[in-house]
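These are my notebook entries on a structure I looked up. I set down what I asked and what I found, entry by entry.

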Amino acid sequence: MLKVYDIDVQSRLLLGTARYPSPSILAEAVRRSKTEIVTVSLRRETSGGKSGGAFFELIRDLGVRVLPNTAGCHSVKEAVLTAKMARDVFRTDWIKLEVIGHHDTLQPDVFGLVEAARILTGEGFKVFPYTTDDLVVAERLLEAGCRVLMPWCAPIGSAMGPVNPTALKSFRAHFPDVPLIVDAGIGRPSHAAEVMERGYDAVLLNTAVAGAGDPAAMAEAFALAIAAGRLAHKAVPLEPRDMAVPSTPVIGKAVFS
Amino acid sequence: MRILVKGAGVAGLTVAWQLYRHGFDVTIHERAEKVGQGASGFAGGMLAPWCERESAEEPVLTLGRLAADWWEAALPGHVQRRGTLVVAGGRDAGELDRFARRTSGWEWLDEQAIAALEPNLAGRFRKALFFRQEAHLDPRKALSALTAGLEEARMRFLFGPGDGAAHHDRVVDCTGAARIGHVPNLRGVRGEMLRLETSDISLSRPVRLLHPRHPIYIVPRERNHFMVGATMIESDDAGPITARSLMELLNAAYALHPAFGEARLVDTGAGIRPAYPDNLPQVTEEGDTLHVNGLYRHGFLLAPAMAGEVARRLLAGHAQPERMAS
């Protein structure tokens, strides 16, 4: 069981809600993935309509916990404002904090991220920071009051999978007791299985599911891969070697070569 | 049998036209001052069901492939059957492969074939997808022409507040986004667009520029005008276009061809597309009212099929047309 901010969840898959072909397909993907947490981005005009956001009604009707996010925010002020709006709309103190530093790569502005995290935790938010795999930044985020870390494994939406396994390994080793959720860069279920095998606690996905030919089937495929990766981690996988090792014992053979 | 059609956007006018053709006596009531004041007036007017199938479900293709013929029959000369060109920038070439995997009815074009089709795009893209069977029309001209045709046929138009006091037997509600909040699960999807004017470049057909974040289309119109659209935002806020959306649409137009950098920005617009959770339209019945709604971003593409469905239901419901079918 995964525990984030004192909440127990069974599913180790967190699913984004953007860019599905339709809300019906999103709902089907949520159902088949068995996810218990979905992230939703809040744009200012989204909440400006007369019906108070029919899309948000649909999200609330999914019956899962909502983790609002500050996707697309490029400054501390904007992120803090969006987090407060999200708290009102979804009545939750959870916030997935994104402060984007670079328009093209969507790389987090880690300085702004730490500052915004400090402000928001000070106001009672439970912050899930989207960060890089930089250890020092991660330490600062913990100092700022974050109890979960969400490092990328590749740029958002890039579908490249883990581009720096060494960094992911040392990140996990450095923070053995902090829930670590890989956020961004996962393209395929095998990528998700890989980070889970490496001991990460959960995976957050959006584009890899929403952009698939059959999003609902892909959501289920990810759920299976994440469960398999988690099971493999607990089962303690082998470490790679640079030479062959016979899988059949050779004791008793007449001649050793 | 007298029919009151509420709403004079693409759905209402298409339904009115279809019912008039079946011999019904039709009155059209529109709350606004004139026709096409909702989302229809901001539409791209692309009759592109093969391209739309990239993210839409199968009915959009099966119903939408009949649209070009319907419009051509209703408004001869309005439909341009020149296909759709789909391109992607160098870094986004993978998007083109993905688009191809999810659609049908296309052929690959190389640089030379692109240049032959759209000389102004020569040398700008190494490959493209060409959807030969697709068509487009100018939405505002089409709506005006349908209105003129209906008026000529002595169908009545009522404008302004009220609900059209004329006596009627059945109502067809085509008021689209105005029903949001009254119909469960109907939501608004905001779309923003802009119009550019330049004589430095010409295009013969709609061009879609794929981009992982902001896919856009540019539809050539008469008099060196180009319609650039459209954003897709989960909201029923009908306020003016945001600076961010304007910037993104203009960026994409500039990426398609730098000549758009010198174009004049003629106007911008934002419309609310009504949509059901599966983003497919529906005809529903409630008392003596038929509702056509949920046309989403497929108004011109799917309104003809919905109009056909409305006519079938009214004819099947023992309704005798007032006049002989013309």
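**Entry 1. A tyrosine**

I first asked: does Tyr217(B) count as buried or exposed? Tyr217(B) counts as buried because its relative accessibility is 10%, where buried means under 20% relative accessible area, exposed over 50% and partly exposed in between (1.4 Å probe, protein chains only). I note that this is a predicted model, in which local features need pLDDT of at least 70, side-chain atom pairs count only at pLDDT 80 or more, and totals for chains, interfaces and linings use all residues. Side-chain values use heavy atoms, with hydrogens and water left out, residues are numbered from 1 along each chain as its sequence is written, and chains are lettered from A and ligands numbered from 1 in the order in which they are written.

I located Tyr217(B) in strand S12 (residues 216-220) of chain B; strands (E, at least two residues) and helices (H or I, at least four) are DSSP runs, numbered from the N terminus. I then listed what Tyr217(B) touches, leaving out residues up to four places away in sequence: Gly44(B), Met46(B), Val207(B), Arg208(B), Met227(B), Val228(B), Gly229(B) and Ala230(B). Contact here means heavy atoms within 4.5 Å.

**Entry 2. The domains of chain B**

I read the domain assignment of chain B, which gives domain 1 as 2-51 + 138-184 + 277-323 and domain 2 as 84-132 + 187-275; such bounds come from an automatic or database assignment. The C-alpha centres of the two domains of chain B lie 28 Å apart. I found 23 residues of domain 1 of chain B in contact with 29 residues of domain 2 of chain B. Between them these domains bury about 2,100 Å², with 62% of it on carbon and sulfur atoms; buried area is the accessible area (1.4 Å probe) that two parts lose on being put together, summed over both.

I counted one salt bridge between domain 1 and domain 2 of chain B, a salt bridge being a side-chain nitrogen of Lys or Arg within 4 Å of a carboxyl oxygen of Asp or Glu. Glu222(B) and Lys141(B) form a salt bridge, their closest N and O atoms being 2.9 Å apart. On the domain 1 side of this contact, the elements that give two or more residues are helix H2 (49-52) and helix H7 (139-152) of chain B. H7(B) gives the most, with three residues. The residues of that side divide into 13 nonpolar, six polar and four charged; Ala, Val, Leu, Ile, Met, Phe, Trp, Tyr, Cys and Pro count as nonpolar, Asp, Glu, Lys and Arg as charged, and the others, Gly among them, as polar.

**Entry 3. Chain B against chain A**

I turned to the contact between the chains, which takes 25 residues from chain B and 24 residues from chain A. The chains bury about 2,000 Å² between them, 46% of it on carbon and sulfur atoms. In chain B, Arg213(B), Glu234(B) and Asp236(B) lose the most area to chain A, together 24% of what that side buries.

I counted one salt bridge between chain B and chain A. Glu78(A) pairs with Arg244(B) in a salt bridge, with the closest N and O atoms 3.6 Å apart. Strand S10 (187-197), strand S14 (233-234) and helix H8 (243-256) of chain B are the elements that give two or more residues to the chain B side. By class, that side has seven nonpolar, six polar and 12 charged residues.

**Entry 4. Salt bridges within the chains**

I searched the whole structure and noted 29 salt bridges over all chains. Side chains of opposite charge can pair when their charged atoms come close. In chain A, Arg172(A) forms a salt bridge with Asp201(A), the closest N and O atoms being 2.7 Å apart. Both Arg172(A) and Asp201(A) are buried.

Glu52(B) lies in helix H2 of chain B and Arg208(B) in strand S11 (residues 207-210), so the pair ties together parts that are 156 residues apart in sequence. Glu52(B) is buried, with a relative accessible area of 6%, and Arg208(B) is buried at 7%.
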